[in-house]
Amino acid sequence: MSSNTINIFEYVNTVPTKLFRKGEIIVREGEASNEKMYFILNGTLSVGMGTPDQKNFQEVRKLTTGQFFGEIALISNRPRAMTVLIDSDRAQLGILDKANLIRIANTNPMFVYALLQTYVERLIEAEARLKDLVSDKSE
């Protein structure tokens, strides 16, 4: 993240939180959106394709305290793109639903900007990975 990134956690201090344990699956690839996104208040999560219970899980990245996920499913209502599960012994997540998103966005427009900024950074990172994959195959 860039040094001028807004601290999105300043805006979500009123959202409900939930404690999860190691191995719990938060969302599964392909499942319908529950119109929620998640903020990692503490812990480490594994993000990937497939699901551990079908023994086909392939980790793509780790997420840790201070990061968030699920914004695409929340805003677009599209199915989940990846499976996310708890990797640390415990993790506490803040849960933001669509009603709270709208409430926070109406009172703090910079929150929406912060979400957009993070999403654009992830898109740029994904494009760079895709270019690397394509250049590796052409060699």
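Hi everyone! Let's start with the rings: there are 2 aromatic pairs in this structure, which is a predicted model.

Before we look at them, a quick reminder: two aromatic rings are described as a pair by the distance of their centres and the angle of their planes.

Here is the pair of Tyr38 and Phe69. The ring centres are 5.1 Å apart and the planes sit at 15°. Planes under 30 degrees apart count as stacked, so this pair is stacked. Where do Tyr38 and Phe69 lie? Tyr38 is in strand 3, residues 36–42, and Phe69 is in strand 6, residues 68–69, so the pair ties together parts that are 31 residues apart in sequence. Tyr38 and Phe69 are both buried.

Now the other pair, Phe39 with Phe68. This one is tilted, with 5.5 Å from centre to centre and 40° between the planes. It also links distant parts of the chain, since Phe39 belongs to strand 3 and Phe68 to strand 6, 29 residues apart. Are these two buried or exposed? Phe39 has 0% relative accessibility, so it counts as buried. Phe68 has 2%, so it counts as buried too.

In soluble globular proteins, nonpolar side chains tend to be buried together. The largest nonpolar core here has 14 residues, and the members touching the most others are Ile26, Tyr38, Leu45, Phe69 and Leu93. Strand 8, residues 90–97, is among the elements giving two or more residues to this core, and its 3 residues are the largest share. Take Leu93: its contacts include Pro16, Phe20, Ile26, Tyr38 and Phe69.

Finally, a second, separate core has 10 residues, among them Met37, Phe39, Ile104 and Phe111.

Terms used. Residues are numbered from 1 along each chain as its sequence is written. This is a predicted model: local features need pLDDT of at least 70, side-chain atom pairs count only at pLDDT 80 or more; totals for chains, interfaces and linings use all residues. Side-chain values use heavy atoms; hydrogens and water are left out. Rings of Phe, Tyr and Trp (its six-membered ring) pair if their centres lie within 6.5 Å; planes under 30 degrees apart count as stacked, over 60 as edge-to-face and the rest as tilted. Helices (H or I, at least four residues) and strands (E, at least two) are DSSP runs, numbered from the N terminus. Buried means under 20% relative accessible area, exposed over 50%, partly exposed in between (1.4 Å probe, protein chains only). A nonpolar core is a set of buried Ala, Val, Leu, Ile, Met, Phe, Trp, Tyr and Cys residues joined through side-chain atoms within 4.5 Å. Contact means heavy atoms within 4.5 Å. Lists of a residue's contacts leave out its neighbours within four places in sequence.
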